[in-house]
Amino acid sequence: MSIIIKSSRASDIKSSEITPESDYLNRREFIKKSSLLLGAAWAGRVAMPVAASTKDFSSIIKSPYSTDVPPNSFKEITSYNNFYEFGTSKKDPARNAGDFQTDPWSITIEGECKKQGRFDLDDLIKPFALEERIYRFRCVEGWSMVIPWIGFSLADLIKQCEPNSRAKYIEFTTLYDPKRMPGQKRRVLQWPYTEGLRIDEAMNPLTLMAVGLYGKTMPNQNGAPIRLVVPWKYGFKSIKSIVKIRFTETQPACTWNVTAPKEYGFYSNVNPNVDHPRWSQRTERRIGSKFWEPKQKTLMFNGYGEDVAYLYKDMDLTKYF
Ligand SMILES: Nc1nc2c(c(=O)[nH]1)N[C@H]1C(S)=C(S)[C@@H](COP(=O)(O)O)O[C@H]1N2
Ligand SMILES: [Mo]
């Protein structure tokens, strides 16, 4: 969906801050249904170019890629996090990332591409259309959430970088600054955190660069000001607080893969048939579910197979896990 609509409904997003969450969700359902009539009903509205920003979400498209599953609460999404730069327990990022300064923020683009250099984040993302996308999210540890992200397709950014024919992969790097990220003073991981994707995975329209959630600027503990979201892969692929993007000819080193290659592969596709050595991947516990509620079955590619299975057509996924 490429049309950009300056919508009076933008107020719906902001209202999530003042209306109860259930209202927000109901209204969202309404918008989603009405968006089926998008072409007809909104054809008369004025379409205007929109400047994507990390702060101004007044113009947003409701993505057709959203799941119908009701999202987790804002509280759940922002108080149960993995972000080792701010501590290794689930509550640490919410406790320790509050003062993390993310403005100004710049991103360096380098490697096998034409666009090279260091760019102010808001300048860099200005041309892109922001969408709300409600995605399933599955951590390899066995828990899952449903999160209403705000972001744009990584494919849009990649096209703008004009990668050359040697660009087979893309590598992302998190900020390294132990003064601002106190968890980096401990050598629990090799800092800075890095992640990577094959270029065709990165170009898939589902791959999201997220700058917010629940209609708000990205909370620090969720990876402010910009993080990756790859909904058919385990959570650790979704690298936070990105400062560098590099196009490479060879497979980039990824933090968890380097730390424990037998446990975390490069691909990290959600796959109920390939267990992690310490955790079964067959089922998952939705964060916020009651102790008596059964675990849910984990779906192949986290339920996104229709859109991504082609990427792995001829691959042995027990070998390339
Ligand atoms: N820089 C960085 N990115 C990271 C991590 C991290 O420790 N550092 N943890 C990963 C893991 S394991 C998960 S499950 C997700 C969690 O994202 P959330 O806290 O927004 O749910 O972030 C991923 N991105
Ligand atoms: Mo994770």
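Reader: Is Trp 256 buried or exposed?
Author: Trp 256 is buried, because its relative accessible area is 16% and the limit for that class is under 20%. Please note that this is a predicted model.

Reader: How many aromatic pairs are there in the whole structure?
Author: A search of the whole structure gives 18 aromatic pairs. One of these is formed by Phe 74 and Tyr 214, with an edge-to-face arrangement. Their centres are 6.2 Å apart, and the planes make an angle of 70°.

Reader: Where in the chain do Phe 74 and Tyr 214 lie?
Author: Phe 74 belongs to helix H4 (residues 74-79), while Tyr 214 is in the loop between strand E8 (208-213) and strand E9 (216-217). The pair thus joins distant parts of the chain, 140 residues apart.

Reader: Which residues do ring pairs link into a cluster?
Author: The cluster consists of Tyr 169, Phe 266, Tyr 267, Phe 301, Tyr 312 and Tyr 320.

Reader: What about charges: which ring does the charged end of Lys 115 sit over?
Author: The charged end of Lys 115 sits over the ring of Phe 119, 4.6 Å from its centre. Likewise, the charged end of Arg 136 sits over the ring of Tyr 304, at 5.6 Å from the ring centre.

Reader: Changing topic, what volume does the largest pocket have?
Author: Its volume is about 440 Å³.

Reader: How many residues line the largest pocket, and which lie nearest its centre?
Author: The lining has 28 residues. Nearest the centre lie Asn 82, Phe 83, Tyr 193, Gly 235 and Phe 236.

Reader: How do the lining residues divide by type?
Author: The lining has 17 nonpolar, 6 polar and 5 charged residues.

Reader: Which element gives the largest share of the lining?
Author: Strand E5 (residues 143-153) does, with 4 residues.

How values were computed. Residues numbered from 1 in each chain as written. Chains lettered and ligands numbered in written order. Predicted model: local features only at pLDDT ≥ 70, side-chain atom pairs only at ≥ 80, totals over all residues. Heavy atoms only, no water. 1 Å grid on protein atoms, 1.4 Å probe; cavity = no way out; pocket = protein on both sides within 12 Å on 5 of 7 lines; lining within 4 Å. Points joined across faces, edges and corners; volume = space filled by probe spheres on them. Helix = DSSP H or I, 4+ residues; strand = E, 2+ residues; numbered from the N terminus. Nonpolar A, V, L, I, M, F, W, Y, C, P; charged D, E, K, R; others polar. Phe/Tyr/Trp six-rings, centres within 6.5 Å; stacked < 30°, edge-to-face > 60°. Buried < 20%, exposed > 50% of the residue type's maximum accessible area, 1.4 Å probe, protein only. Lys NZ or Arg CZ within 6 Å of the ring centre and 35° of its normal.
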